[in-house]
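Subject: Handing over a structure, with notes

Dear colleague,

I am passing on to you the structure shown just below, which you have not worked with before. My notes on what was found in it come after the display, and I would be glad if you read them with the structure open beside you.

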Amino acid sequence: MQFMLLFSRQGKLRLQKWYVPLSDKEKKKITRELVQTVLARKPKMCSFLEWRDLKIVYKRYASLYFCCAIEDQDNELITLEIIHRYVELLDKYFGSVCELDIIFNFEKAYFILDEFLLGGEVQETSKKNVLKAIEQADLLQEFQKLL
Amino acid sequence: MVASSSSLKLQDLIQEIREAKTQAQEREVIQKECAHIRASFRDGDPLHRHRQLTKLLYVHLLGYPAHFGQMECLKLIASPRFTDKRVGYLGAMLLLDERQDAHLLITNSIKNDLSQGIQAVQGLALCTLSATGSAEMCRDLATEVEKLLLQPSAYVRKKAVLTAVHMIRKAPELSDIFLPPCAQLLHEHHHGILLGTITLITELCERSPAALKHFRKMVPQLVHILRTVVTTGYSKEHSISGVSDPFLQVQILRLLRILGRNHEESSETMNDLLAQVATNTDTSRNAGNAVLFETVLTIMDIRSAAGLRVLAVNILGRFLLNTDRNIRYVALTSLLRLVQSDHSAVQRHRPTVVECLREPDGSLSRRALELSLALVNSSNVQAMIQELQGFLESCPPDLQADCASGILLAAERFAPTKRWHIDTTLRVLTTAGTHVRDDAVASLTQLIGGAQELHAYSVRRLYSALAEDISQQPLVQAATWCIGEYGDLLLEGSCEETEPLQVEEEEVLALLERVLQSHMSLPATRGYALTALVKLSTRLRGDKSCLDVELQQRAVEYNTLFQKYDHMRAAILEKIPLVERGGSQVDEEAKESKETAQLSEAAPVPTEPQASKLLDLLDLLDGPSGDAQHPRPLDPTPGSALIHLLNLPCAPPPPAPIPNLKVFEREGLQLDLSFVRPPGTPTLLLITVTATNTSGGDVTHFICQAAVPKSFQLQLQAPSGDTVPAQGGLPMTQLLRILNPKKAPLRLKLRLTYNHFGQSVQEIFEVNNLPVEAWQ
């Protein structure tokens, strides 16, 4: 995976995870164009589109778009599963997640993602293990506060 | 000193930003808070540093600058507190990618964190390294990561493996370090580590043929692993919709694909397993289909058994019927990739593919179109074109051009009869005329010209189409050309194949005038119409003389009109000369010619330079039987140019009883002459030069020039093109009009220049064995 973007229906960015090195300017340009392209899609269209030399896989969950850029040899259908798994993880962590959770706890959204994907690849296929790791880290954080 | 109490908590900041009603308001809130944050970085309590950075990262997400936080990231990463590291590393990943100068400064911290004992901290370091580590950093830290591959903690091992993947991507020479541990890692039971290992091996194999060879030995082991995953009972932890760890399955299948590619033995080893996965995977949900899809991709890419390939294509065929349009999409994409190599297998699914043309989603219908066009062959062409014509009528505009040219190409390749071909082309021009490519007109006129038995039919159909709609330029151009060529057939009698149509001369002329006058007609189209009018003047039986005068007048009028277009580079109109019989009116032509120009796609205008070349040619013709005359166009006065007729796609004139003559052949390039003596003009001879190329190389920059004896008058029409494509591609034709008032024996000299097989060629020769019917 080259990058993942989360954005609202108004085009506001809620999370950006880049797995390739690009300048801030390039990232902004890509984000702007891609958000526009995806928001222009009609509801009945499929989740895949070709954009520049990348394949884009996107899915809308309530008011949030989850959008991944994958390479030519990557499997689009499994990418949909990756997106879905991430949403499930967020849901489990926040308890019935909604966009507001991700806005007010954006750093947590990143931490969760970083326990699921690493360097753009899936690192853990057990939902339980991912959530356990986050739990441990949160505990560690709390514990250190007491010291 | 800034009172920290006036700085906001993260949640409050976010709230305030959201409440801002305008962009300006938002900016104000953020700028105010950033000032606090900056101050806090400078002299604030280090304990709160992580909170300040978190706020900064939030505004960065909204698009505001945050570079002043870069050094804070470094400080936080170096702190012993986990909270600080967590935010610090996040900040590093967002603000400190490898393009930043400060990037390398985190190397030391990462190194320290990798080797200390808390796995959560090691995890943070590995994560940051694999997300943004530069090549240099990777080289520095490779051995640290290698050590971690042997760590007791599975959590750390799984992250270390994927970090190794990133390191190899950035610094491929590190493959040497990370190849050896793979064998051991493949024995892991932890799905995450196993998955990471498979990913690592895949990366190694893609980068090095030696690694590929090395890991081929492990194919049996990989097959075993996959089989275990698939057949092991339901593991709630790793399953999705009843499919065991689809992520792992897909990754293994992908590795198998790479290992089995072009390798019989490996392919055979995985054959059974692939068949098993292909038949047993639950396809009710996306997870199963994802695995199935990867299986199909692998089957098609390795040296699999024929039966397995058919199975794979059939799976794709089933995908096409799936209600989930995502599944249909990947099926269409994959089938498109397979249509060349496994044509007959894909053909079986043609009806389903055609159904997909009706998809409302543009990206699906586009693929269906491409695939449909690839599936047209001689046995299904009529049915397929029927479907595609239907699609053309209703498809979105951005697909019309591709659909139209696709249909025309398919028609050219597989037309069962010429009449069907003409009908099909006509229908495309009527439906999507504005989207067809430029050469469609040329192709149609060639097609019609070469089918004598269909001239009457064609001209009637085109006339009717034109009468209905004069707006679609390619149709109008083709129709007017046809009317010009075969107007006589239009007016006389009836044609069995069309409905009876009584057409009067006046109607025809009126229609052509309408085309001329219409503001929708391009300059090129007007040219066609004018030429048609001119040609008709030689063919109609009506009162020709007043027609001629009328035309002369028209020509002058239009010349003025056309001068308006002179500034347009792309399509400048040519001045119309009149076709006269006999020599006396030739002077009139000289008076009336002004600047010349050229119509769009056809041929280059012979200009002054060519005039001098003709001179050369003529010098050579000064031979025993008297001097040759300069072809009429040559005029010493500057500014006057050659007279030519408007460019037309040259079609062979109506066949005459005079036999054709092959006059030249060299390395596959052949020149034939065909002769026509139009009835009613005994002194006029029309010669069509046709150049065909059966060699393997294109002939380019082809120029043919001619010279005749003094008493003749020669007009060279512009050729249909200057390229004769290889392998029997579209021939080039050129019309020569020769007036022979004295009925002298015809002599003809030709000069050819062209490029072929990288050589420039010049040939000059006199045509021998000219048939006597050409001048008697």
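Before the first residue is placed, one term is needed: helices are DSSP runs of H or I that hold at least four residues, and they are numbered from the N terminus, as strands are. Please also keep in mind throughout that this is a predicted model.

Chain B, a chain of 776 residues, has 57% of them counted as buried, and its secondary structure comprises 33 helices and 11 strands.

Where chain A and chain B touch, two residues of chain B are worth a look. The first topic is Ile14(B), which sits in helix α1 (residues 10-19) of chain B. Ile14(B) counts as buried because its relative accessible area is 0%, where buried means under 20%. Apart from residues up to four places away in sequence, Ile14(B) touches Ile103(A) and Phe104(A) from chain A, together with Tyr58(B) from its own chain. Gln276(B), by contrast, is 262 residues away along the chain, and its C-alpha atom is separated from that of Ile14(B) by 53 Å.

The other residue is Thr83(B), which belongs to helix α5 (residues 82-95) of chain B and is buried at a relative accessible area of 3%. If neighbours within four places in sequence are set aside, Thr83(B) is in contact with Gln141(A), Gln144(A) and His50(B).

Turning to chain A, you will find that UniProt, in an unreviewed entry, places the feature "domain: AP complex mu/sigma subunit" at residues 1-140. In the model, that span of chain A is 47% helix and 25% strand, and its end C-alpha atoms lie 30 Å apart. Val38(A) is located in helix α1 (residues 24-39) of chain A and is buried, with a relative accessible area of 0%. Beyond its neighbours within four places in sequence, the contacts of Val38(A) are Phe7(A), Leu49(A), Tyr58(A), Tyr65(A) and Cys67(A). Gly11(A) and Val38(A) are 27 residues apart in sequence, while their C-alpha atoms are 9.6 Å apart in space.

Back in chain B, Val161(B) lies in helix α9 (residues 154-170) and is likewise counted as buried, at 0% relative accessibility. Not counting residues up to four places away in sequence, Val161(B) touches Leu149(B), Leu185(B), Ile193(B), Gly196(B), Thr197(B) and Leu200(B). From Val161(B) to Gly696(B) there are 535 residues in sequence and 53 Å in space, taken from C-alpha to C-alpha.

Next comes a pair of helices in chain B. The axes of helix α16 (residues 264-280) and helix α17 (residues 286-301) come within 9 Å and cross at roughly 145°, and the crossing of α16(B) and α17(B) is left-handed. On the side of α16(B) the contact is made by Leu274(B), Val277(B) and Ala278(B), and on the side of α17(B) by Val291(B), Leu292(B), Thr295(B), Thr298(B) and Ile299(B). Taken by type, the residues of this contact between α16(B) and α17(B) are six nonpolar, two polar and no charged.

The loop between α15 (246-260) and α16 of chain B holds Asn262(B), which is not a glycine and yet has a positive phi of about 55°. Asn262(B) is exposed, at 56% relative accessibility. A positive phi of about 55° is also found at His701(B), again not a glycine, and His701(B) is in strand β7 (residues 699-709) of chain B. For background, most residues other than glycine have a negative phi.

A last point concerns the cysteines. How many disulfides are there over all chains? The count comes to zero, where a disulfide would require a pair of cysteine sulfur atoms within 2.5 Å. For Cys356(B), the closest cysteine sulfur is that of Cys46(A), and since the two are 12 Å apart, they are too far from each other for a bond. Cys356(B) is buried, with a relative accessible area of 3%, and Cys704(B) also counts as buried, at 4% relative accessibility.

Technical notes
Residues numbered from 1 in each chain as written. Chains lettered and ligands numbered in written order. Predicted model: local features only at pLDDT ≥ 70, side-chain atom pairs only at ≥ 80, totals over all residues. Heavy atoms only, no water. Axes fitted to C-alpha atoms, helices over the stretch in contact; angles between N-to-C directions. Left-handed = near helix turned anticlockwise from the far one by under 90°. Contact = heavy atoms within 4.5 Å. Nonpolar A, V, L, I, M, F, W, Y, C, P; charged D, E, K, R; others polar. UniProt positions renumbered as here; feature names shortened; annotations may be inferred. Buried < 20%, exposed > 50% of the residue type's maximum accessible area, 1.4 Å probe, protein only.
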